[in-house]
Amino acid sequence: MTQHVYRFGGGVSDGGAGDKNLLGGKGANLAEMASIGLPVPPGFTISTPVCALYYDEGESFPDSLKAEVAAGIAHIEAITGKTFGDAADPLLVSVRSGARVSMPGMMDTVLNLGLNDATVEGLAATSGDARFAWDSYRRFIQMYSDVVLGLDHHRFEDALEIAKEDRGYYLDTDLTAADWQALVAEYKKLVEELWEKPFPQDVHDQLWGAIGAVFGSWQSERAKVYRRLNSIPGDWGTAVNVQAMVFGNMGDTSATGVAFTRDPSTGDNAYYGEFLINAQGEDVVAGIRTPQYLTLAAREKAGAKPASMEEAMPEVYGQLAQVFDTLETHYRDMQDIEFTVERAKLWMLQTRSGKRTAKAALKIAVDMASEGLITREEAILRVDPSALDQLLHPTLDPSAVRDVLTKGLPASPGAASGKVVFDADTAERWAAASEKVILVRVETSPEDIHGMHAAQGILTARGGMTSHAAVVARGMGRPCVSGAGTLAINAREKLFRVGQREVREGDIITIDGASGEVMLGAVPTVQPELAGDFGTLMVWADEVRRLKVRTNAETPLDCRTAREFGAEGIGLCRTEHMFFDSARITAVRQMILASDEAGRRAALEKLLPEQRKDFVEIFEVMAGLPCTIRLLDPPLHEFLPHEESEFEEVAEAAGIDVETLKRRAAELHEFNPMLGHRGCRLGVTYPEIYEMQARAIFEAACIVAENSGEAPIPEVMIPLVATRKELALMKALVDNAAAEVFAEKDRTIDYLVGTMIELPRAALMAGEIAEVGAFFSFGTNDLTQTTLGVSRDDAARFLTTYVEKGIYARDPFVSLDVEGVGQLITLAAERGRAARPGIKLGICGEHGGDPASIAFCEATGLDYVSASPYRVPIARLAAAQAALRTK
């Protein structure tokens, strides 16, 4: 019989750290902590395969699971000496999720399970604290009603606030045992009103309801959004962890907290975290109360008054510091830890590799390698290449004027300006309309995940440095300021106030996640400094990577930016972008609308010096490096005039009347232009266009070689080739232009002629095409379109649904479709090399900056990838990781 339940605690560990796929990260790490002797409350994990079975069997459980769960409960009872459902001395448990990768706040948890009208009295008697017992019962009813019964949690929160107001209390901790008992009665009435049944009193019914709810939360909307944003497969499922409760709300010698072994924002080697005395875990994570600092140094730095844990509980803090060191040494990574102190005894509830900013990831990786905890190769593999994007964009100008409204906690670094919005749906809607927004909330919840992703930054009035907003923002790379307590938010009227000042929805604010400042208006930015740990890790990465990294660029600024980021040449220069310049678009249109070759050549004569100047500027930046220049590719209709004034301008330049031009424009109309008269088809029918471009390329290369003494290496790329003959005709044209220029300049330049493989037929006929072309560059944007039969510009309407339904693992325009498009690339590479062993192979679509696609390029043996300038460092690191993983 298949085992579904795995025990931990009390000297038993059925699993360990290597079982994350089976037990989820939380279950595997609980078993591992128990096995190395750390204080872990006993419990058991229901494995991730049960999640799939649960959905396969219509949201019901396998028959064998009941007996295994009963054995798991008996395991906890034997260690704790308490009995589940016993009115005199009840065992209470927590029921938590735990996927194989961390999904903070995305799935459900139920605490204090096992309480009912009888066991609450037993808990009061055995603990000697009636207030604690009734507080725990009201927490359980509130959480169970929300998570399991699906009742409106606002009704319960409102009832709590009314109870405090009626008694003149400000904090939850002000309420007495009698107050909590009265609120429990109120909560039970609410359940009966909303659920039309009494609150469940059978503890076994409670347990199975909670287990089902945790499995059910795997398919919640917020979890699906998080999986889509983080490329987590939907078939992985979650585990369920059932564990004996330990209580942080048993008075002033009890506490709960969240901590990191190093600072997750900066990477500094200093304990980082928060705790609350007389509280339970959700109080910290949900931001219900603003917590206190863990260390004295952190409290003093923040200028906070409430005592740190180091001061308030020095003995337990010392034990916790020892656990931090044990866990970091054991896992050899920065750990994110949840703990509870019950009457001065420390208990560990969770450890996992901590979410961190890109800056912190770099520092932690480099520091740990320097400390000898990990190797340089491991340091390279520790940093998510995509996270580097956080470091490559501007920060606030320190000399800029700032109109500071308020200051909160610096929860996630970076700076962002945008229009204020007060709910996640508005954030998503405005962002889709290209508006930059800042999401402002009292506190965020997992339901806000889509709005947090859409926003440039997040600002909350409540919550600490380890609140939901802070953790998720850091994971996403979004700036976040949390716990800005002077913000008075009125979400109904869509405004917030700070003192006498009022900010309404749509007003622009700036937040600085490094300082915690919130400013009115947009604040100017400065370019980032990419040195220190970034530079160190990049040097290490470059030492191990095989793939070269080029850039997609066609302006001197983009070329310089890419070179600063380490680009080793140009992988794609789209010459058509130069044609749209306002100073030359009229000549381009004159060339397109000309009725004969003479008319086209007259217009091209005007364009030649402009095109030559473009290439000189690019080659000066890229002297000595390969530069792949794609000749004119898009359909001609993209350049055509639309407005009457534009037609008049072209008519005047060409010396013909407007009506003639309009007739010519109508003749050029195409029903499916992306598969029409474009690419090499333009060169075949209008060879003078490609002749002019080739001449401009070679003249520019000669000028740069003469001026600098170092020539670029032009790689002239013919687009949209489907046959050997097309490429042969165009290569002859380019070779002829080169020979003419070299004769005129009395100088020769090394160059190559090759093609872009972007049609399935070209991939299939790569052997023949390679007989003519010296290089292939895989244009994966169009190759994906033509292979899948999907328009990239229209696919957004249905691709999200396709990914959610598992038809594609990821958007194939973001990450390469390895099974389909990848197969064509592999086949083309094999056939190309067979025909021309030294053929140069690269990729120049948007996939060139995607780490998963780069891993495929390494495995296929391509020579280089090409990415947009700001993704060049991402590609360098991803290429290094791919090389290490294929060793």
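Which residue of β34 does I843 stand opposite? Hold that thought for a moment, everyone.

First, the ground rules. This is a predicted model, in which local features need pLDDT of at least 70 and side-chain atom pairs count only at pLDDT 80 or more, while totals for chains, interfaces and linings use all residues. Residues are numbered from 1 along each chain as its sequence is written, and side-chain values use heavy atoms, with hydrogens and water left out.

Now, back to the opening. I843 faces V865 in β34. For the terms: helices (H or I, at least four residues) and strands (E, at least two) are DSSP runs, numbered from the N terminus, and two strands pair if DSSP finds at least two bridges between them. These two strands belong to a closed barrel of 8 strands with parallel pairing, in the order β27-β28-β29-β30-β31-β32-β33-β34. From one strand to the next, the twist averages 25°. Angles here run from 0 to 180 degrees between N-to-C directions, with axes fitted to C-alpha atoms, for helices over the stretch in contact.

Next, the open sheet. It also has 8 strands, ordered β15-β25-β24-β17-β18-β19-β20-β16, and its pairing is mixed. At the edges are β15 (404-407) and β16 (409-412), each pairing on one side only. Neighbouring strands in this sheet are turned by 30° against each other on average, direction ignored. Look inside at β18, residues 437-441, which pairs with β19, residues 457-460, in the parallel sense over 4 bridges. There, L439 has I458 of β19 as its bridge partner. Helix α16, residues 424-432, lies across β17 (415-421) and β18, at about 110° to β17. Contact, by the way, means heavy atoms within 4.5 Å.

On to the interior. A nonpolar core is a set of buried Ala, Val, Leu, Ile, Met, Phe, Trp, Tyr and Cys residues joined through side-chain atoms within 4.5 Å. Buried means under 20% relative accessible area, exposed over 50%, and partly exposed in between, with a 1.4 Å probe and protein chains only. The largest core has 133 residues, and those touching the most other members include L388, L537 and F615. Helix α27 (residues 687-708) supplies the largest share of this core, 12 residues. Leaving aside residues up to four places away in sequence, L537 touches L362, V366, A379, I380, V383 and L877. Apart from this core lies another one of 84 residues, among them C51, L111, L149 and M245.

Now for the rings. Rings of Phe, Tyr and Trp (its six-membered ring) pair if their centres lie within 6.5 Å; planes under 30 degrees apart count as stacked, over 60 as edge-to-face and the rest as tilted. The whole structure holds 21 aromatic pairs. Y54 and Y55 have ring centres 5.3 Å apart and planes at 80°, so this pair is edge-to-face. Is Y54 buried or exposed? Y54 counts as buried because its relative accessibility is 6%, whereas Y55, at 25%, counts as partly exposed.

The charged end of K197 is 4.6 Å from the ring centre of W195, and that of R550 is 3.8 Å from the ring centre of Y864.

Terms used: Lys NZ or Arg CZ within 6 Å of the ring centre and 35° of its normal.
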